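Please look through the briefing below with the sequence and the 3D view side by side, and find each residue as it is named.

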Amino acid sequence: MNPFFKQVYEIVGQIPYGKVISYGEIARMLGRPRAAREVGWAMRNCPDGLPWQRVVMADGSIAGGIYTDMRRAILESEGVAFLPDGRVDMSGCRWLS
């Protein structure tokens, strides 16, 4: 497994219920502030059992193509708040804010 991906998954595994983090924030935590896209690539292959739905875009948008609606439903069931425009309320739900 790609060592960077492994580090990404270690962080994702720590995201608490009801909290979210952005791809860029994970990249910064790993000392690679310009690697948000690489974090996204890692998340495309996220191992089962990790809370993949809790990783969102910096503005609170939910990426995920055909899984966007499912991700939103899971996040809503966890109590994650959304803004009227459909983005996650990052100010209230960001992990490690």
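Ile66, Tyr67 and Met70 make a nonpolar surface patch of about 350 Å². This is a predicted model, in which local features need pLDDT of at least 70 and side-chain atom pairs count only at pLDDT 80 or more, while totals for chains, interfaces and linings use all residues. Residues are numbered from 1 along each chain as its sequence is written, and side-chain values use heavy atoms, with hydrogens and water left out.

**The surface patch**

- Accessible areas come from the Shrake-Rupley method with a 1.4 Å probe, and for residues only the protein chains shown count as cover.
- Ile66 lies in the loop between strand S2 (55–56) and helix H4 (68–77), where helices (H or I, at least four residues) and strands (E, at least two) are DSSP runs numbered from the N terminus.
- Ile66 counts as exposed because its relative accessibility is 75%, given that exposed means over 50%, buried under 20% and partly exposed in between.

**Aromatic rings and charges**

- The structure holds 1 aromatic pair, and the rings of Phe5 and Tyr9, with centres 6.4 Å apart and planes at 70°, are edge-to-face; rings of Phe, Tyr and Trp (its six-membered ring) pair if their centres lie within 6.5 Å, and planes under 30 degrees apart count as stacked, over 60 as edge-to-face and the rest as tilted.
- Both Phe5 and Tyr9 are buried, and both lie in helix H1 (residues 3–12), 4 residues apart, about one turn of the helix.
- An α-helix has 3.6 residues a turn, so residues three or four places apart point the same way.
- Arg32 lies over the face of Phe4, at 4.5 Å from the ring centre, and Arg72 lies over the face of Phe82, at 4.0 Å; a charge sits over a ring if NZ of Lys or CZ of Arg is within 6 Å of the ring centre and within 35 degrees of the ring normal.

**Ser22 and Met57**

- Ser22, which is found in strand S1 (residues 21–22), is buried, with a relative accessible area of 2%.
- Met57, in the loop between S2 and H4, is partly exposed, with a relative accessible area of 38%.
- Not counting residues up to four places away in sequence, Met57 touches Ser22, Tyr23, Ala63 and Met90, where contact means heavy atoms within 4.5 Å.

Notes:
Patches are made of residues with over 30% relative accessible area and no salt bridge: like charges are joined within 9 Å, nonpolar side chains (Val, Leu, Ile, Met, Phe, Trp, Tyr) within 5 Å. A salt bridge is a side-chain nitrogen of Lys or Arg within 4 Å of a carboxyl oxygen of Asp or Glu. Buried means under 20% relative accessible area, exposed over 50%, partly exposed in between (1.4 Å probe, protein chains only).
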